[in-house]
Amino acid sequence: MRTFETGETVVRRDVHRTGHVWSEHALRVLADTSEALVTACAPGAETRWPALYAKARADGDRSLRTDAFDAMATGEWELTPGRWQETEVRLWKPPGAWFSVNAFYTAAGLRNWYVNFEHPTTRTGDGFDTFDLTVDLVVDPDLSQWQWKDEDEYDHVRRLGIITDTEHQAVDDARTQVLAMIEERSAPFTTAAAWTSWR
């Protein structure tokens, strides 16, 4: 398995089971250890999104996200270039995990933790591949409260057959694992104070 160098630029791709790329995101490597691959990006980082998804973000119209998932189910969509905006992001992805832990920062500091449920990563020549499984967990900076996000979209992609029963079970197991990590303050939450002060 290739190890990435600190400071190296890598590309995170979401890859559909058909082999088609759903999205791409340029990231900077902060650390690559046996515990986790840690990356980050700042506003301006290059991305590529499905055209309908990008339009939903630009217009603030969530109904277009449903259209984007419908297109995903057909296996046919077009990507459009974009730029990451507004927040700095630090991502922590342990090997073999069905999730990544992300921290979103604004000028005021850590805005929130964000757990993205996704496929385990497969390393490539210039980064790594995964696949976003739609549902997310948003956690307060001090870890005192949390709430699930996009469960309606998760139900929709399950109905479309985008997420299989096997993947659904993996997500359920990962949900339990992540909630235990927050409760126990295990990595990366063990060093939450250091994450809070990071920029």
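User: Which residue in strand 10 does Val 11 stand opposite?
Analyst: Val 11 faces Gly 127 in strand 10. Keep in mind that this is a predicted model.

User: OK, and how do strand 1 and strand 10 run, parallel or antiparallel?
Analyst: Parallel: strand 1 (residues 9–15) and strand 10 (residues 127–130) pair in that sense, over four bridges. Asp 14 has a bridge partner in strand 10 too, namely Thr 130.

User: What about strand 2, how many bridges join strand 1 to it?
Analyst: Seven bridges join strand 1 to strand 2 (residues 21–32), and these two run antiparallel. For example, Thr 9 stands opposite Arg 28 in strand 2.

User: How many residues sit between strand 1 and strand 2?
Analyst: Five residues lie between them, and the two strands form a hairpin. Gly 19 in that turn has a positive phi of about 95°.

User: And strand 9, how does that run against strand 10?
Analyst: Strand 9 (residues 122–124) runs antiparallel to strand 10, with three bridges joining them. Arg 123 stands opposite Phe 128 in strand 10. Strand 9 and strand 10 form a hairpin as well, with two residues between them.

User: Where do helix 2 and helix 3 stand, what's their crossing angle?
Analyst: The axes of helix 2 (residues 63–74) and helix 3 (residues 151–159) cross at roughly 25° and come within 10 Å. That makes helix 2 roughly parallel to helix 3. Their crossing is right-handed.

User: Who's touching whom there?
Analyst: Arg 65, Thr 66, Phe 69 and Asp 70 of helix 2 meet Glu 153, His 156 and Val 157 of helix 3. This contact of helix 2 with helix 3 splits into two nonpolar, two polar and three charged residues.

User: And helix 3 with helix 4, is the crossing left-handed or right-handed?
Analyst: Left-handed. The axes of helix 3 and helix 4 (residues 165–184) come within 11 Å and cross at roughly 155°, so helix 3 and helix 4 are roughly antiparallel to each other. Glu 151, Tyr 154 and Arg 158 in helix 3 meet Asp 165, His 168, Val 171 and Arg 175 in helix 4. Those divide into two nonpolar, one polar and four charged.

User: Last topic: how many aromatic pairs are there?
Analyst: The count comes to 10 aromatic pairs. One of them is Trp 84 with Phe 104: the ring centres are 6.3 Å apart and the planes at 40°, so the pair is tilted.

User: Where do Trp 84 and Phe 104 lie?
Analyst: Trp 84 is in the loop between strand 5 (79–83) and strand 6 (88–93), while Phe 104 is in strand 7 (residues 99–106), so the pair ties together parts that are 20 residues apart in sequence.

Technical notes:
Residues are numbered from 1 along each chain as its sequence is written. This is a predicted model: local features need pLDDT of at least 70, side-chain atom pairs count only at pLDDT 80 or more; totals for chains, interfaces and linings use all residues. Side-chain values use heavy atoms; hydrogens and water are left out. Axes are lines fitted to C-alpha atoms, for helices over the stretch in contact, and angles run from 0 to 180 degrees between N-to-C directions. Angles under 35 degrees count as roughly parallel, over 145 as roughly antiparallel, 65 to 115 as roughly perpendicular and the rest as oblique. A crossing is left-handed if the near helix is turned anticlockwise from the far one by less than a right angle, and right-handed if clockwise. Contact means heavy atoms within 4.5 Å. Ala, Val, Leu, Ile, Met, Phe, Trp, Tyr, Cys and Pro count as nonpolar, Asp, Glu, Lys and Arg as charged, and the others, Gly among them, as polar. Two strands pair if DSSP finds at least two bridges between them. Rings of Phe, Tyr and Trp (its six-membered ring) pair if their centres lie within 6.5 Å; planes under 30 degrees apart count as stacked, over 60 as edge-to-face and the rest as tilted.
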